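Dear colleague,

I am handing over the structure below, and my notes on it follow.

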Amino acid sequence: MIKMEWNDSFNTGIELIDKQHQILVRAINLLGLALERGSDKELMDAIFATLAEYTATHFADEERIFVEAGYPEADEHKHSHHMFLEKVTELKAKFDAGGDTAREVLTFLVDWLQNHILGTDRKYIPYVLGNGGQMRMTG
Ligand code: FEO
């Protein structure tokens with residue numbers, strides 16, 4: 001079964017963001033369980049509810065934080081949040097129509113974790129932590 005463990009490479013050093021990113025890791029782990037159980041409907045509903053929570057609160061909080069910090073790529077970042085939301089809405093509609101979307105959702109979320117949380121999200125950290133983007137990123 002798929003089981004992702006939170007590790008230091010996911011940390012941004014911004015407590016609220018890290019807590020919210022852990023929601024996504026939880027969704028990935030739930031999805032692993034759902035796949036094991038033949039895309040169990042109850043679990044899939046829980047995953048989509050988790051994703052709704054993730055998008056509603058996390059994106060708004062993160063955008064507020066990096067805009068206040070003067071992050072210069074705010075618009076591009078907001079756009080990628082918008083694309084995530086569109087994709088989740090599409091996958092949910094497919095699932096509600098009877099599609100077996102568990103593996104597709106899993107692929108999408110793992111890709112999001114690797115490219116967005118471990119990539120795009122890291123770019124605003126120096127601005128938020130207050131050194132105008134000059135901080136060397138380690139770890
Ligand atoms: Fe943590 Fe940009 O999502």
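Which side chains meet in a salt bridge at 3.8 Å, N to O? They are those of Lys 87 and Glu 104, and please keep in mind here and throughout that the model is a predicted one. Since Lys 87 lies in helix α3 and Glu 104 in helix α4, the pair ties together parts that are 17 residues apart in sequence. Neither end is buried, because Lys 87, at 24% relative accessibility, counts as partly exposed, and Glu 104, with a relative accessible area of 31%, is partly exposed as well. The bridge also belongs to a network of salt bridges that links Lys 87, Glu 90, Lys 94 and Glu 104. With its neighbours within four places in sequence left aside, Lys 87 is in contact with Glu 104 and Phe 108, whereas Gln 114, 27 residues from Lys 87 in sequence, is 16 Å away from it in space, C-alpha to C-alpha.

The axes of helix α3 (residues 74-96) and helix α4 (residues 102-117) come within 11 Å and cross at roughly 170°, which makes α3 roughly antiparallel to α4, as the angle is over 145 degrees. On the α3 side the contact is made by His 77, Ser 80, His 81, Phe 84, Lys 87, Val 88, Leu 91 and Lys 94, and on the α4 side by Glu 104, Val 105, Phe 108, Leu 109, Trp 112 and His 116.

For Phe 84, the contacts beyond its neighbours within four places in sequence are Leu 51, Tyr 54, Thr 55, Phe 59, Phe 108, Leu 109 and Trp 112. As general background, nonpolar side chains tend to be buried together in soluble globular proteins.

By contrast, His 58 and Thr 101, which are 43 residues apart in sequence, are 24 Å apart in space, C-alpha to C-alpha.

Returning to the charged pairs, the structure holds eight salt bridges, and two of them lie within helix α2. In one, the side chains of Lys 41 and Asp 45 meet at 2.9 Å, N to O, the two residues being four apart, about one turn of the helix; Asp 45 is partly exposed, with a relative accessible area of 30%. In another, Arg 64 pairs with Asp 61, with the closest N and O atoms 3.5 Å apart. Because Arg 64 and Asp 61 are three residues apart in helix α2, about one helical turn separates them, and Arg 64, at 41% relative accessibility, counts as partly exposed.

Finally, a word on the loop between α4 and α5 (125-128), where Lys 123 lies. Lys 123 is partly exposed, with a relative accessible area of 42%, and, neighbours within four places in sequence aside, it is in contact with Tyr 71 and Glu 73. Lys 123 and His 77 are 46 residues apart in sequence, yet 9.8 Å apart in space, C-alpha to C-alpha.

How values were computed
Residues are numbered from 1 along each chain as its sequence is written. This is a predicted model: local features need pLDDT of at least 70, side-chain atom pairs count only at pLDDT 80 or more; totals for chains, interfaces and linings use all residues. Side-chain values use heavy atoms; hydrogens and water are left out. Axes are lines fitted to C-alpha atoms, for helices over the stretch in contact, and angles run from 0 to 180 degrees between N-to-C directions. Angles under 35 degrees count as roughly parallel, over 145 as roughly antiparallel, 65 to 115 as roughly perpendicular and the rest as oblique. Contact means heavy atoms within 4.5 Å. A salt bridge is a side-chain nitrogen of Lys or Arg within 4 Å of a carboxyl oxygen of Asp or Glu. Buried means under 20% relative accessible area, exposed over 50%, partly exposed in between (1.4 Å probe, protein chains only).
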